[in-house]
Amino acid sequence: MTANLVAALVAGLAGVAFGALAAYIGEAALARRRVKVACPYCTAPYSPVQWSALVAVATGQGRCAACNRFLRVPRLIGELFLALAWGLLVGFYGLTPRTLLALVAFFPQAIILVTDLEAKLIPNRVMLPSLLAMVVIGTLVGPAVPAVNAWRWWTTLVGAAIGFTTFRLLVWLGVALFGEGALGEGDITLAAYVGAVVGFPLIIESLLLAFTFGGIGAAAVLLLRRGKLGTAIPYGPFIILGCATTMLFGAELLLWLAN
Ligand SMILES: [Zn+2]
């Protein structure tokens, strides 16, 4: 137990460092070029402590030294996500080949959390290579879910196809019903990626969780804004939350529900 706790802490700290990298990649993908780690408002360079949003906030340096504005919160959320996901993953399942695959699979999700929360964008230049890599790896070695130990060669392909088709239909439906829908093309690619990560049948659980979290999120926004939803919230974070929950606790959740 102590060994697990130490391993979880180390993985969580690594998650902070790689989360900072993910946030950097996300901002560079949004800017479509290499960017400096600098204040997004006044472009004053950040100090090394501020390269990680979590470290900056934890040491009381969350504000820009030049213009005093607070760092972008999506960076903080991306780092927090990866730190928690990696820490929980290693804490619960130890280090196995399949946990390593899951660690890798979490990384693009941290990037997308940053870009979608910041600009409501899920860049293809991040998502398409990630999707392709996960389809190939998943077909060869199975889903990036530590609790899964039985799988067929088509598990990953069918998972990706179900994620893709479900969101393709939802985007069509959204456009037909509301004109410009809350869902975008990027959500389709992200859902296909989730399908490749968790495979079939866990993609179904992933999507159901995403819709549940999305429903709770929409209800919260409706309450806070007194009935105006519009296209206020990006959907990507809910898809990612559904995926991460499935990767970490999916099998246990199914067993618990079945009993
Ligand atoms: Zn500044």
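Q: What share of the contacts in the chain between residues at least 6 apart in sequence join residues at least 24 apart?
A: In this predicted model, where local features need pLDDT of at least 70, side-chain atom pairs count only at pLDDT 80 or more, and totals for chains, interfaces and linings use all residues, the share is 72%, a contact being two residues whose C-beta atoms, placed from the backbone, lie within 7 Å. Residues are numbered from 1 along each chain as its sequence is written.

Q: How do you know that the radius of gyration of the chain agrees with that of a compact globule?
A: The radius is taken over C-alpha atoms, and the globule rule is 2.2 Å times the number of residues to the power 0.38; for 259 residues the rule gives a value near 18 Å, and the chain has 19 Å, which agrees.

Q: What makes the span of helix α5 agree with its number of residues?
A: Helices are DSSP runs of H or I with at least four residues, strands are runs of E with at least two, and both are numbered from the N terminus. The expected span is 1.5 Å times one less than the number of residues, so the 18 residues of α5 (residues 124-141) should span 26 Å, and the end C-alpha atoms are 25 Å apart, which agrees.

Q: Which residues of α5 are called buried, and why are they said to line one face?
A: A residue is buried if 20 or more other C-beta atoms, placed from the backbone, lie within 10 Å of its own, exposed if 12 or fewer, and partly exposed in between. In α5, Val 126, Met 127, Ser 130, Leu 131, Met 134 and Gly 138 are buried. Seen down the axis of α5, these buried residues fall within an arc of 110 degrees, so they line one face of the helix, the arc being that of the directions from the helix axis to the C-beta atoms. On the other side of α5, Arg 125, Pro 129, Leu 132, Val 136 and Leu 140 are exposed.
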